[in-house]
Amino acid sequence: MKPTFNQLISFCTVAEVGNICRAADKLNISQPPLSRQIAQLEITLGAKLFNRDAKGVNLTLAGEQFFADSRAILGLLQQACNNVRAVESGQKGFLTLGATMYASYSVVPHVAMQHREKHPDIDLQFQEMVPADLNAALQDGRLDAAISFSESATPGIDSMVLLREPLIVALPANHPQVQAEHFSLESLSDDPFITVPRHSAPMLYDSILHQCLKAGFSPQIGLEASVQQTVMNFVAHGVGVALIPASMENGQLRGVAYRRLDNARQVENVLMWSTKNKNPTLPRFLSLCRDIRDDLAVAQA
């Protein structure tokens, strides 16, 4: 037979006040049942816990050890109760965020830093994916939220724009147009373009195509790559040129030069989540992202 939590609470109360009558009042029970509980506890443990005299009770050496251990046990129980309430309310737990590699150069570091500062008890877990895989991962619950390029509306997926940024041109460092005094996108009409496959990121692909069409030509697609870092590596090795989101310049890849465009099309960084997601930490994450959208725009300016 083992002590019950009620016995531990009664024992600790008696030990703290040093008097069974006052302990009974504090516990809102009568003295005889409390005395029987303590007596039964001593029988269960096979040890005398209190010395009794006319003034009250005081702990024996065995009682002092049991008092220390009992308080630790009750403290853990209280902490367990606090933890489950915190998880249920979204104050504690974990959230899985997925993002494209590109978002790691734009909004993800700022979001992660702010989340750690404001919600240190929520473990933010990160997974990097290509854009085409993010929606499926949101719908089947592998991800709680995702950051990617804007896409067409998907039933059951809600979204908010975190950041808009322009397309810029990435050129091999030795390209003749790097030093051109008056650069124009039209000057690259004969160059092969490295771009994403349309099925992977349709909005980004269409933005690149429309930017070129606005400059008066249809781009020659040299190679396609789903990951922006791979696009940049191809440019660095002279395989072609590329239109990329401006934040990719943060990668500072050797062998790549960048040129700005007048009236460049804007690329959107979008936060997405499933409307069916029941993770209690998700509302806090969404609230944080709404609060820091202006900060993200300033950080990328």
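What follows goes from the whole chain down to a few side chains.

Keep in mind that this is a predicted model. The chain holds 10 helices and 11 strands. Its radius of gyration is 32 Å, well over the 19 Å that the globule rule gives for 301 residues, so the chain is more spread out than a compact globule.

**Overall shape and surface**

- Along its principal axes, the C-alpha trace spans about 105 × 40 × 30 Å.
- Of the chain's 301 residues, 44% count as buried.
- Take the contacts between residues at least 6 apart in sequence: 73% of them join residues at least 24 apart.
- On the charge side, you'll find 25 positive and 29 negative side chains, with the centres of the two sets 12 Å apart.

**Aromatic pairs**

- Counting rings whose centres lie within 6.5 Å as a pair, the chain comes out with five aromatic pairs.
- One of them is Tyr102 with Phe149: the ring centres are 4.6 Å apart and the planes sit at 10°, which is under the 30 degree cut-off, so this pair counts as stacked.
- That pair links distant parts of the chain, 47 residues apart: Tyr102 is in the loop between strand 3 (93-99) and helix 5 (108-118), while Phe149 belongs to strand 5 (residues 145-149).
- Tyr102 and Phe149 are both buried.
- Elsewhere, ring pairs tie Phe11, Phe50, Phe66 and Phe67 together into a cluster.

**A look at Ser70**

- Ser70 is part of helix 4, which covers residues 61-89.
- Is Ser70 buried or exposed? Its relative accessible area is 0%, and buried means under 20%, so Ser70 is buried.
- Setting aside neighbours within four places in sequence, Ser70 is in contact with Leu8, Phe11 and Cys12.
- One of those partners, Phe11, also belongs to the phenylalanine cluster described above.

Definitions and conventions: Residues numbered from 1 in each chain as written. Predicted model: local features only at pLDDT ≥ 70, side-chain atom pairs only at ≥ 80, totals over all residues. Heavy atoms only, no water. Phe/Tyr/Trp six-rings, centres within 6.5 Å; stacked < 30°, edge-to-face > 60°. Helix = DSSP H or I, 4+ residues; strand = E, 2+ residues; numbered from the N terminus. Buried < 20%, exposed > 50% of the residue type's maximum accessible area, 1.4 Å probe, protein only. Rg over C-alpha atoms; globule rule 2.2 N^0.38 Å. Contact = heavy atoms within 4.5 Å. Lys, Arg positive; Asp, Glu negative; His and termini not counted. Charge placed at Lys NZ, Arg CZ, Asp CG, Glu CD.
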